[in-house]
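Here are my notes on the model you sent over. Have it open beside you and go through the points one at a time.

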Amino acid sequence: MVKPRVIVLRAAGTNCDKETAFAFQACGAETELVHINQLKDKSKKLSDYQILAFPGGFSYGDDIAAGKILANELKYKLSEDIKKFISDGKLIIGICNGFQVLVKSGLLPGNAQLEQEVTLTINDSAKFEDRWTYLKGQGLSGKGQGKCVWAKGLPEIIYLPVAHGEGKFVAKDNGILERLKQSNQIVFQYCDQSGKLSGYPDNPNGSQEHIAGICDETGRILGLMPHPERHSFGLQHPRWTKEGLKKEGDGLAIFKNGVEYVKKNL
């Protein structure tokens with residue numbers, strides 16, 4: 001079978017593109033780093049790929065607000081291509097700055113008008129949070145009714161690092177927050193080591209409902225603030241010398257899920 005093709009989209013200020021591409025490659029995908037301008041000038045076609053990845057970093061220096069400029073480029077210059085990509089059943093993942101781009105473009109939680117319904121804003125601590133966090137998810141390990149294809153079969157609790165200044169998840173109103181709960185779009189929540197939802201520093205930014213990641217209603221578009229590409233391999237765990245070296249980091253399964261989904265369905 002032909003390898004799934006992943007487009008890792010970058011702009012000025014993106015700095016996690018190579019790590020994200022490497023994680024996908026480790027899962028058997030063919031990856032290509034593409035600048036946003038190459039899609040805008042049509043020298044690259046989004047339709048040539050099955051997975052679209054928005055990596056972390058500080059696109060356009062986080063001017064105006066984190067991810068806002070790149071989000072506007074998607075919404076006002078590439079919306080038809082993006083909508084076709086989604087309607088074709090393809091996958092999208094946004095990590096950290098990529099998550100900020102997805103919510104500010106309206107691609108998450110998702111609506112036909114691409115209206116922004118949630119945001120990721122300044123951490124409650126008012127400082128850049130660079131730490132490791134525990135995450136629990138709905139439907140992980142086959143439990144519950146989780147719909148996100150990226151999160152299938154993950155351990156009940158996973159451990160990933162965060163590095164952001166604007167990661168606090170806030171919904172426009174309580175109705176939107178309730179809709180996310182009822183439709184099982186909350187994929188990851190910050191927790192302590194035992195899986196209990198708790199405050200700072202376990203919740204590093206003060207997110208509503210401890211939200212660390214959400215998906216759209218199809219389960220094919222995922223955005224999360226923690227960095228799975230920074231814990232794809234056992235050597236990346238901060239305590240591997242004490243706790244033992246694992247063959248894979250907790251984040252690699254997320255990329256594997258995406259690649260396997262494409263192989264089976266597209």
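**Notes on the model**

1. Start with helix α4: on the face turned away from its buried side you'll find the exposed residues E80 and S87. Here exposed means over 50% relative accessible area, buried means under 20%, and partly exposed is in between, using a 1.4 Å probe and protein chains only. Helices (H or I, at least four residues) and strands (E, at least two) are DSSP runs, numbered from the N terminus.

2. Before you go on, a word on what you're looking at. This is a predicted model, with residues numbered from 1 along each chain as its sequence is written, and with local features needing pLDDT of at least 70. Side-chain atom pairs count only at pLDDT 80 or more, while totals for chains, interfaces and linings use all residues, and side-chain values use heavy atoms, leaving out hydrogens and water.

3. Now the other side of α4. The helix runs over residues 79-87, and its buried residues are S79, I82, F85 and I86. Why do they sit on the same side of α4? Because they cover an arc of only 125° around the axis, taking the arc from the directions between the helix axis and the C-beta atoms. Among the elements covering these residues are β3 (51-54), α3 (68-77), β4 (91-95) and β11 (221-224). Just after α4 comes G89, with a positive phi of about 85°.

4. Have a look at the loop between α5 (97-105) and β5 (118-121), where G106 has its place. G106 is buried, with 0% relative accessible area. Apart from neighbours within four places in sequence, G106 is in contact (heavy atoms within 4.5 Å) with N111, L114, E115 and Q116. P109 is in the loop between α5 and β5 as well, and a cis peptide bond with omega of about -5° joins L108 to P109.

5. Which other peptide bond is worth a check? The one from Y200 to P201, which is cis with omega near 5°. You'll find P201 in the loop between β9 (186-191) and β10 (211-215).

6. Two residues other than glycine have a positive phi. For Y60, in the loop between β3 and α3, phi is near 55°. For N184, in the loop between α6 (174-182) and β9, phi is near 55°. Y60 is partly exposed at 22% relative accessible area, and N184 is partly exposed at 24%. Most residues other than glycine have a negative phi, and most peptide bonds are trans.

7. Y60 also touches E73, whose contacts beyond four places in sequence are I36, K40, Y60 and L78. E73 belongs to helix α3 and is buried at 9% relative accessible area. L78, in the loop between α3 and α4, is buried at 4%. Its C-alpha is 9.6 Å from that of I36, though the two are 42 residues apart in sequence.

8. C27 is buried at 9% relative accessible area, and C215 is buried at 0%.
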